[in-house]
Amino acid sequence: MIKSRLAGILLTATVLGSASGAAMAAEAVLTALPVQRTAWVENYNPFNESTRLPSIQDFVYEPLVIFNTLKSGEPNFRLATSYEFSDDLKSLTFKLRDGVTWSDGEAFTADDVAFTFNMVLKTAALDTRSMAKLVESVEVVDPLTVKFNLKKVNSQAAIDIVRVPIVAEHIWSKVPDPVAFTNPKPVGTGPLTDFRRFTEQEYLQCRNPKYWDAATLKVDCMRFPQIANNDQALAAAARGELDWMGSFLPDIENTYVAKDPANHKYWLPAGSFVMFNVNPESPNEGNRAAFSDVNFRRALSMALDREAMVEIAGYGYPTINQYPSGLGRAYHSWNNPAVDEKFGKYMQNDVEASKALLAEHGYKDTTGDGFVEAPNGKPIDFNIIVPNGWTDWVNAAQIAVEGLNAVGIKASVATPEQAVWNEALIKGTYDMAMNSVFVGPTPYTHFDSVLHERNQGVTRFGAGRFRNAELSAALDGFAQTTDQAKQKELINKVQMIAGENLPVIPVFNNPRWYQYNTKRFTGFFSAENPVANPVVHDNQPERLLHLLSLRPVN
């Protein structure tokens, strides 16, 4: 056991250029890649959607409950031990785990939960889960019981509430500006709260000495190397330097598995919905006019060669999404065939039909440069932004540009840093972007994240700035009933509105990118051990269950 742990430390020492000495020699250090960035930014604020480190949520701030999306939302209780709705479904009460303390030794109580939500409810910039639209008030019933009074019946409320990180009242109540706060000495309830080393190139996050579930945790530290792009990720993975990662790896059998067939593994369960956003509030007048026109969006959709994106850019790993609503194959049992019948033609790659639709609705080349102008005469010229280094997406966007240029739409690809891309989507300073949204137990999760009015311009998932009261009401209705027949009826309506308006342009569904190395650790989730979503990325709460399942190799 010591030998295997030393192997992990030796890897750390190689990259760090220094070892931490005998104190670290017996520690199990797991190296993970949750996101690709050109430099780490020292921001430990769990509410910051742009620059927070990708291991703050879940590993520093443990959720009340983790709902397992691979098992239809099965609850795994963490800081909470149970929850239940009132008879009228207007309130939701959580029982908290006894004996939990913050990493500084202070007791974790219902006061912390209530303080966190009251802070979020009165500070819009922290309300990234739209709690102000869901929660009327929060009551402390007793030190281990907290009650959420809802603004209206919402059967999905628990799923959203537990995604809000719970912070310590005795720390955050003294913070004058929680939005700008970088939280330099984070105090959490999660398993890894000790940031022992930080540079822009890597950081080391180690055990919380007060962790309530310490007996289960067998990983002493997680090391996060800075890796900028897919090529660097592949090189590090092939050398065996990464234990747990999630990246697009081209020709994975030859480029990764073949380098160490005994230990290099992967599993790619169905995952996120990938789409193009166009910004109807673009700063550019011509682009804004075009993006606000459903006929332009339909012509744009027909210019896209989705099959080439999947087969060439994605090496065949994603699944094509030609559902006008964006539903995707994973939810096909919810599909409304009437939507396909009415709007399916706009999801087919058809250059001539795209050109004809543009011409029919007043888009023509008035300057003679080979590209159309908007009906109001203003130029259409935009970048598709894709995070730097996400090579599969960059290649898919380039295929999109080729298709757009072929029908006379002037477009190109730009690759800002991931944080810049994320901020542009939230602030609406972009023209067109490639984007994705995580999947949930039902299609409600991704439709709600992408299309509900309350989420527009709040997170990157609502970057499309689509506002339709009828669709939002249908999603609200879904959340207000547990009658599956009624839910199906409402999702049919959502699909019809989405298909008719095409507020986002579906292209494909990614698998859940997940690779792992069994040389130093065992217990990884896999096709043979499908416990939960295996992804290490931020915004994937099940990764905490995964971390707790890992064991150093004996």
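**Strands, pockets and domains**

Trainee: In which sense do strands β9 and β10 pair, and over how many bridges?
Mentor: Strands here are DSSP runs of E with at least two residues, numbered from the N terminus, and two of them pair if DSSP finds at least two bridges between them. β9 covers residues 202-207 and β10 covers residues 221-225. In this predicted model, their pairing is antiparallel, over five bridges.

Trainee: What pLDDT does the protein chain average?
Mentor: This is a predicted model, numbered from 1 along each chain as its sequence is written, and its side-chain values use heavy atoms, with hydrogens and water left out. Local features need a pLDDT of at least 70 and side-chain atom pairs count only at 80 or more, while totals for chains, interfaces and linings use all residues. The pLDDT is the predictor's confidence in each residue, from 0 to 100. Here 95% of the residues score at least 70, and the chain average is 92.

Trainee: Which element gives the most to the lining of the largest pocket?
Mentor: A pocket is an open set of points on a 1 Å grid over the protein atoms alone, where a 1.4 Å probe fits and protein lies on both sides within 12 Å along at least five of seven lines; lining residues have an atom within 4 Å of a point. The largest one has a volume (the space filled by probe spheres set on the points) of about 440 Å³. Of its 18 lining residues, the closest to the centre are Ser72, Ser155, Gln156, Ile159 and Thr442. With three residues, the element that gives the most is α17.

Trainee: Where does the second largest pocket lie?
Mentor: This pocket has a volume of about 320 Å³. Of the 17 residues that line it, the closest to its centre are Phe47, Glu49, Ser50, Ala125 and Ile426. Two domains, with bounds from an automatic or database assignment, both give residues to the lining, so the pocket lies between domain 1 (61-173) and domain 3 (271-511).

Trainee: How far apart do the C-alpha centres of domain 2 and domain 3 lie?
Mentor: Domain 2 is assigned residues 192-269 + 512-552, and domain 3 is assigned residues 271-511. Their contact takes 16 residues from domain 2 and 14 residues from domain 3. Between the C-alpha centres, the distance is 31 Å.

Terms used:
Helix = DSSP H or I, 4+ residues; strand = E, 2+ residues; numbered from the N terminus. Contact = heavy atoms within 4.5 Å.
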